[in-house]
Amino acid sequence: MMRPNAAPAVLAIVLAIFLWIYVRLVYGGPDTSRMLLVPVNLKGTPPAGFDVQLHPDSGSIRIGVKGRENVVKELLPQDVRAVVDVAHVNTARVSGARSNIQAEAIVSGPDGVTVLPMVKPTLVVTRLVQDQFRVKVSFIVSPPVGTTVGSYELEPDTVTVEARSQQELDAIKYVTVAVDPTIPLTTPRSLEPQAITVENKPS
C-alpha cells in the first residue's frame, strides 16, 4: 500500500520523464560532435599567369561538426560545404614552375551547426608559360561552287596562349578560328580561337 506522502514523489518522477522526453523531441537533446569527410570545391579565377588545381590528396578534408545530437547524427557530407577561392591564392609563395600551397577553406553547414575544418586543403599552383601565335582561318566547308571567299581581316591577328608546361606549349601547331564560308559576314563577329595540337586535336 502506497503511503500518502509518496504520491507527490511519483508524480515528480513522471513529470521529470515527460519533461526529458519533451526536451529531447523539441531541442534535439544535448550537443554532440563528430567528424565528416567533406569534398572540397574550387571557385573563382586564378591570378593571371597561374593555374590552380586541388592536390589529389585534398579532394576531401576532415570537418568537425557540432550541434544538437538529433541534427548532427543525421548529417551527410553533402550537407556541409568546403570552398576555396582560388582568386586569393598567394602566388608570392610559388617557387619555380610549380608549388604546393596550403589554403584556407570556407566551410558552412546547416543552421544551428558549428563547423570547423580540421586540416587545410593543399593546392597545386603552376606558373603558366606563354607564347604568341598568329591566328589562321579554317573553313568548315568548301565555298559553294562558282564562288570564292572575299577578303577578311582578323583583329587581333595574334593571341597569347598559356599552358602548364613548355611541353604543352610546344605541342601546339597553330591557332585557328573556324568560319562557315556559306554564311556571309556583313558585320564584325566574335569568334573563339582554338589551339590545334600535333595530334590535330583542339586544345
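Which residue forms a salt bridge with Glu104, and how far apart are the closest N and O atoms? The partner is Lys120, and the closest N and O atoms are 2.9 Å apart. By salt bridge I mean a side-chain nitrogen of Lys or Arg within 4 Å of a carboxyl oxygen of Asp or Glu.

Before going on, a word on the source. This is a predicted model, in which local features need pLDDT of at least 70 and side-chain atom pairs count only at pLDDT 80 or more, while totals for chains, interfaces and linings use all residues. Residues are numbered from 1 along each chain as its sequence is written, and side-chain values use heavy atoms, with hydrogens and water left out.

Back to that pair. Strands here are DSSP runs of E, at least two residues, numbered from the N terminus. Glu104 counts as exposed, at 53% relative accessibility; Lys120 counts as partly exposed, at 42%. The cut-offs are under 20% relative accessible area for buried and over 50% for exposed, with partly exposed in between, using a 1.4 Å probe and protein chains only.

Now the strands. E5 and strand E8 (residues 122-127) run antiparallel and are joined by five bridges.

A search of the whole structure finds three salt bridges. Another of them joins the side chains of Arg134 and Asp157, at 3.2 Å from N to O. Arg134 lies in strand E9 and Asp157 in the loop between E9 and E10, so this pair ties together parts that are 23 residues apart in sequence. Arg134 is exposed at 58% relative accessibility, and Asp157 is partly exposed at 33%.

The loop between strand E9 (129-139) and strand E10 (158-163) also holds Pro156. The peptide bond from Glu155 to Pro156 is cis, with omega near 0°. In general, most peptide bonds are trans.

That leaves Arg164 and Glu168, which form a salt bridge with the closest N and O atoms 3.7 Å apart. Arg164 is partly exposed at 40%, and Glu168 is partly exposed at 36%.

Definitions and conventions: Two strands pair if DSSP finds at least two bridges between them. Helices (H or I, at least four residues) and strands (E, at least two) are DSSP runs, numbered from the N terminus.
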